Amino acid sequence: MPQELRAVDWTGNSLALIDQTVLPQRTETIEVRDVDALVSAIRRLVVRGAPAIGAAGAYGVALALLQGEREGWSTAEVRAAVARIRTARPTAVNLMVCVDRVMTRFDEGLAAVLEEAAAVQREDVEANRAMGAYGADWLLKRVGVDRPLRVLTHCNTGALATAGWGTALGVIRELHARGCLELVYADETRPLLQGSRLTAWELAQEGIRHRVQVDGAAAGTILRGEVDAAIVGADRVAANGDTANKVGTVGIALACAYAGIPFVVAAPTTTVDLATASGADIHIELRGEDEVLEWGGVRTAPADSRGHNPAFDVTPGELVTGLVTERGVLAVAEGELPGERLR
Ligand code: MRU
């Protein structure tokens, strides 16, 4: 029986977040009681992954209301605090979508806000379960081999990155549950190692066979024929299917296209941004240079070197063989565009 993790949990008057910066060495939960602490937790990746920051942002509206009550804020001040949460990170559209959804109940007060935030959380788990089934069915049919699959994934898209179960990792868990999974290649995911620290931890908890590999190994592993399909998550999918996901993803997609294997994106419709026409319009978060110039707080690059640290890249829709959502699978590369099919 898989352990059900809750990366984001409402305690009644605060948010409990599993601290993803210290996993897997330590499993710690931090309690967030105010808006500054939540914004900082989102920026530092204590909570991370598009749907998980969406859920945290949803409950963040309740936190802002409670803090406003404690500290005597005006309604305008509470709204300004919510706006800071909404923009804590720029790329994953879930954060904005979930905050905006909960804000539609803002004038009804705390109970309504909490009800809406709980619905965001519940519906994300339901969407993940649905994606698991759709994605596994589609992959098994598409790959069409008479043996368990070998899949490659990048970053962390599991229970930690969502309200529960996972997107791409949810599909992988479903394949495993059906006895249709041989091996997972988990890219370590530079520079913050969401793959080797978090994905490998989740896979190990489930007893799923996996190998952690450096990001630079991915293309070679694919071209050697050792992978049947790559499956990743997304931070924002544009109307034309262009997909922003953790930096390094586009190289995997290119390798899959060259090798002729499916490149699959699993993302709930809360990640699909029909208001964004193409990937060129997606704001890609640039993070601090130290994340690439240092290792474990110790400088590794020469003192004069500068870093370049985009957190995400954009994979063109033409390379997305399948986009799995809770509403089914779109063959984006064959012209089934989110902007036409998900309106
Ligand atoms: O910087 P992160 O760790 O928040 O990046 C996360 C990713 O890129 C995930 O692949 C994406 O958010 C999907 S999570 C289900």
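**Entry 1: the model.** I'm working with a predicted model.

**Entry 2: the sheet.** I looked up the strand order and got E6-E5-E4-E7-E10-E15-E16, an open sheet of seven strands with mixed pairing. On average, neighbouring strands here are turned by 25° against each other, direction ignored.

Entry 3: Which strands does helix H6 lie across? I found that H6 (residues 168-177) lies across E4 (149-153), E5 (181-187), E7, E10 and E15, and that H6 runs at about 160° to E4.

Entry 4: The UniProt entry, which is unreviewed, lists Asp235 under "active site". I found Asp235 in the loop between strand E7 (229-232) and strand E8 (236-238). Is Asp235 buried or exposed? Asp235 counts as buried because 30 C-beta neighbours lie inside 10 Å, and the cut-off for buried is 20 or more. Skipping neighbours within four places in sequence, I noted its contacts, among them Ala50, Thr91, Asn245 and Phe312.

**Entry 5: two packed helices.** Helix H4 (residues 93-103) packs against helix H5 (residues 110-143) at about 145°, and their axes are 9 Å apart. The crossing is right-handed. From H4, Cys98, Arg101 and Val102 meet Val113, Glu116, Ala117 and Val120 of H5. I sorted that contact by class: five nonpolar residues, two charged and no polar.

Notes: Residues are numbered from 1 along each chain as its sequence is written. This is a predicted model: local features need pLDDT of at least 70, side-chain atom pairs count only at pLDDT 80 or more; totals for chains, interfaces and linings use all residues. Axes are lines fitted to C-alpha atoms, for helices over the stretch in contact, and angles run from 0 to 180 degrees between N-to-C directions. Helices (H or I, at least four residues) and strands (E, at least two) are DSSP runs, numbered from the N terminus. A crossing is left-handed if the near helix is turned anticlockwise from the far one by less than a right angle, and right-handed if clockwise. Two residues are in contact if their C-beta atoms, placed from the backbone, lie within 7 Å. Ala, Val, Leu, Ile, Met, Phe, Trp, Tyr, Cys and Pro count as nonpolar, Asp, Glu, Lys and Arg as charged, and the others, Gly among them, as polar. UniProt positions are given in the numbering used here, feature names are shortened, and annotations may be inferred rather than shown by experiment. A residue is buried if 20 or more other C-beta atoms lie within 10 Å of its own, exposed if 12 or fewer, and partly exposed in between; C-beta atoms are placed from the backbone. Two strands pair if DSSP finds at least two bridges between them.
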